[in-house]
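Biologist: Thanks for sitting down with me over this model. Could you show it, and then take my questions in turn?

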Amino acid sequence: MALEEFEREELDPKEKRYVNMRSMMDMGMGILWVLMGIFLLISEKVTDKLPKLNDITFKMLGGIAVVYGLFRIYRGYKKNYFR
């Protein structure tokens with residue numbers, strides 16, 4: 001019962017500003033991670049100036065970056081920082 005009351009508790013203005021700022025930062029960083037992951041996934045087709053790593057390495061790093069970016073966007077959308 002105590003946990004349910006805590007979840008319904010209203011945030012003060014300072015905490016609301018913090019939550020909004022953190023949410024915007026998470027969404028912005030998530031978008032950057034997704035874009036970087038997409039670039040790594042298609043980098044072989046875009047440029048030849050990148051260091052020569054295995055194609056599989058770029059695909060794995062790109063996939064991880066996209067997944068992490070989507071997680072950051074989800075975390076920014078949920079705004080669940082104090083629970």
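Predicted model: local features only at pLDDT ≥ 70, side-chain atom pairs only at ≥ 80, totals over all residues.

Biologist: Which residues does R72 touch, not counting residues up to four places away in sequence?

Modeller: R72 has its place in helix α3. Contact here means heavy atoms within 4.5 Å. With residues up to four places away in sequence not counted, R72 touches M25, D26, M27, M29 and G30.

Biologist: How many helices and strands are there in the chain?

Modeller: Helices (H or I, at least four residues) and strands (E, at least two) are DSSP runs, numbered from the N terminus. From the N terminus on, the elements run α-α-α. That gives 3 helices and 0 strands.

Biologist: Which element of the chain has the highest mean pLDDT?

Modeller: pLDDT is the predictor's confidence in each residue, from 0 to 100. The chain averages 82, and 77% of the residues score at least 70. Helix α1 (residues 2–8) has the lowest mean among the elements, 56, while the highest, 90, belongs to α3.

Biologist: How far apart are the end C-alpha atoms of helix α3?

Modeller: The expected span of a helix is 1.5 Å times one less than its number of residues. Helix α3 covers residues 55–78, and its 24 residues should therefore span 34 Å. The value in the model agrees with this: the end C-alpha atoms are apart by 35 Å.

Biologist: Which residues of α3 are buried?

Modeller: Across the chain, buried residues make up 19% of the 83 residues. In α3, the buried residues are F58, G62, A65, V66, G69, R72 and G76.

Biologist: What is the geometry of the aromatic pair that W33 and Y68 form?

Modeller: The structure holds 2 aromatic pairs. Rings of Phe, Tyr and Trp (its six-membered ring) pair if their centres lie within 6.5 Å; planes under 30 degrees apart count as stacked, over 60 as edge-to-face and the rest as tilted. For W33 and Y68 the centres are 5.2 Å apart and the planes are at 90°, which is edge-to-face.

Biologist: Why does that pair tie together parts that are apart in sequence?

Modeller: W33 lies in helix α2 (residues 13–46) and Y68 in helix α3, so the parts joined by the pair are 35 residues apart in sequence.

Biologist: Which residues do the ring pairs link into a cluster?

Modeller: The rings of Y68 and F71 have centres 6.4 Å apart and planes at 35°, so this pair is tilted. Both residues lie in helix α3, 3 residues apart, about one turn of the helix. The cluster linked by ring pairs is W33, Y68 and F71.

Biologist: Is S23 buried or exposed, and which residues is S23 in contact with beyond its neighbours within four places in sequence?

Modeller: S23 lies in helix α2. S23 counts as buried, at 4% relative accessibility. Leaving aside neighbours within four places in sequence, its contacts are G76, K79 and Y81.

Notes. Residues numbered from 1 in each chain as written. Heavy atoms only, no water. Buried < 20%, exposed > 50% of the residue type's maximum accessible area, 1.4 Å probe, protein only.
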